[in-house]
Amino acid sequence: MAAAVRTRTWKRPGSGVFSQWMVFFTVLLGSVHETVAAPETGLWKITIVNGSRPLILKKAMYKDTDVVLKVVSCSCTKTVDFTIHWFLKYHPCYNEYNNIEEMYERTPLSRGESLDPKPNAPGEYIEHKHHPIPCKSDLLSLPGLHKTKATPRTVISPDRSEELKKSDPDWISAEYDAKSTRENVIATTWKDGPYLLVVKVMSNKPELNWNLTVDVVMKGSHGYISITEWPLMIFYMVMCVVYILYALLWFVWAACYWKDLLRIQFWIAGVIFLGMVEKAVFCAEYENTNAVGSATPGLLIFAELVSALKRTLSRLLVIIVSLGYGIIKPRLGAVMHRVVGLGILYFAFACVEGVLRITGTKDSDLALLANIPLALLDSSLCWWIFVSLAQTIKTLKLRRNPVKLSLYRHFTNTLIFAVIASVIFMAWSAKKLHLADCQSDWIEVWVEDAFWRFLFSFVLLVIMFLWRPSANNQRYAFTPLIDDSDDEEIEEFIASSNIADGIKLRADKSETNGTAKHPETNPDEDLKWVEDNIPSSFTDVALPVLLDSDEEIMTTKYEMSKLE
């Protein structure tokens with residue numbers, strides 16, 4: 001039976017299958033990044049000078065959010081009267097005004113006197129022109145602005161809009177008195193969704209130099225945070241709790257079986273810790289923005305650095321798992337230097353890309369220089385993961401180790417599931433968010449940021465359960481030459497020992513029949529010859545490149561101890 005098993009060969013799966021999955025996974029994940037930008041601001045302090053273009057702000061808000069416009073101070077050489085004219089528009093398409101700054105510069109003729117950069121874009125709007133505000137050099141306080149009485153109008157053609165203004169001249173100028181509304185609240189949103197606010201300040205003496213400082217506040221019942229980022233803040237809270245549970249579970253497992261911990265289990269603990277810190281920092285960032293109205297630059301940069309470190313360590317974890325670290329190899333040797341080098345490069349480019357993204361220079365040439373190497377590194381890492389995983393599975397099949405092979409098959413199935421889920425999500429995201437002319441499902445924008453983090457947390461959970469500390473930890477640890485669970489290998493080893501004994505007996509018999517006695521040989525020299533010329537197992541012949549020098553030394557020592 002042992003001989004029959006010995007001669008059985010393993011049929012290697014078609015390389016085309018692995019190659020197709022590797023190429024697909026590489027292209028897929030090489031183009032995927034966690035694209036969290038800075039949270040939308042809800043509080044602005046802006047200085048407007050003579051000749052400056054209108055102030056343009058956009059934000060997705062809840063219904064009944066108060067829009068506050070307060071004139072804080074003014075500076076002028078002579079007495080000047082300022083007229084504030086603003087335009088607030090609800091637009092159902094979230095991506096309608098993505099390139100608003102460039103759009104306003106390119107459409108001076110098409111918009112005419114209108115403040116709307118795209119007058120023909122669908123939506124509802126209100127428009128108001130306040131009474132003149134005097135500015136004097138000795139003026140200590142400025143009068144507050146009052147809320148408009150205008151009701152929202154549906155966007156129509158510019159000609160018909162002018163006709164409506166002439167038919168109802170009070171629509172653009174009617175205001176509530178100071179007692180009935182809160183001071184400086186100029187309007188209240190009437191729907192959930194994205195809004196555009198355009199503010200234009202005009203003076204009766206355009207030749208004079210002046211400046212005006214205004215505060216713009218958009219705060220609803222949920223705080224300053226936008227309607228598209230409120231679910232994301234809740235998501236980070238939940239994920240922070242999830243990673244705390246991950247850490248507690250892993251700590252309990254490690255405490256129960258601390259004597260049998262494997263090296264790879266310390267890597268898993270590090271990834272869990274960084275994931276917990278990352279989610280806590282992002283949660284604090286969104287909470288801070290919701291409370292004070294604007295993000296803190298230092299906290300944003302720290303969050304991106306922690307996120308880059310966690311992403312780097314998580315990729316390295318998947319690589320060393322795929323390489324069989326601690327499972328078929330006691331250490332990675334020279335390969336570890338390549339792993340660490342790629343990790344350092346990835347961390348550096350991820351930090352640069354993250355900082356440029358949150359500082360608003362995502363479309364600059366410098367950001368492009370950081371994105372290209374990061375995408376190439378991601379693709380290289382993904383290719384390396386699948387090549388290493390295929391080689392590790394091949395090695396385990398040759399060694400006929402069902403326990404470790406089952407472990408890696410579950411891990412491979414998890415990665416394949418992650419690929420399929422990623423494809424489905426990317427197709428949905430492209431259809432709903434990126435390729436749509438009108439991105440009407442703006443409430444689902446947060447899912448694009450949350451999905452990739454949730455997907456990795458799922459893969460991490462699977463890795464935790466597959467490599468969890470247990471009483472049978474050593475079944476997965478590297479053992480030289482043979483594993484404890486390989487009963488067939490033990491039988492084969494015993495059979496080969498019996499054959500060697502038979503050869504020695506026949507040699508002794510030939511000496512008694514008068515054959516010349518061979519000179520005595522040193523047993524150490526025999527073992528040396530066996531070590532140099534006879535492979536210890538079929539695996540050493542089939543996969544010499546997968547065994548590093550340390551493993552060969554341990555295997556040789558173990559074989560010599562068995563033969564002695």
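A disulfide is taken here as a pair of cysteine sulfur atoms within 2.5 Å. In this predicted model, 2 disulfides are found. Counting the bonded cysteines along the chain, the pattern is 1-3, 2-4.

The angle about the S-S bond is 105°, and the link of C74 and C135 is right-handed. C74 sits in strand β3 (residues 66-76) and C135 in strand β6 (residues 133-135), so the bond ties together parts that are 61 residues apart in sequence. C135 is buried, because its relative accessibility is 0%.

The other disulfide joins C93 to C438, at an S to S distance of 1.8 Å. Its link is left-handed, with -95° about the S-S bond. Both cysteines of this pair lie in loops. C93 is placed between β4 (80-90) and α3 (100-106), and C438 between α11 (402-434) and α12 (445-466), so the bond ties together parts that are 345 residues apart in sequence. C93 is buried, at 5% relative accessible area. C438 is partly exposed, at 36% relative accessibility.

C240 is in no disulfide. The nearest cysteine sulfur to that of C240 belongs to C283, 6.0 Å away. C240 has a relative accessible area of 14% and is therefore buried. C351 is likewise buried, with a relative accessible area of 12%.

Methods: Residues numbered from 1 in each chain as written. Predicted model: local features only at pLDDT ≥ 70, side-chain atom pairs only at ≥ 80, totals over all residues. Heavy atoms only, no water. Helix = DSSP H or I, 4+ residues; strand = E, 2+ residues; numbered from the N terminus. Buried < 20%, exposed > 50% of the residue type's maximum accessible area, 1.4 Å probe, protein only.
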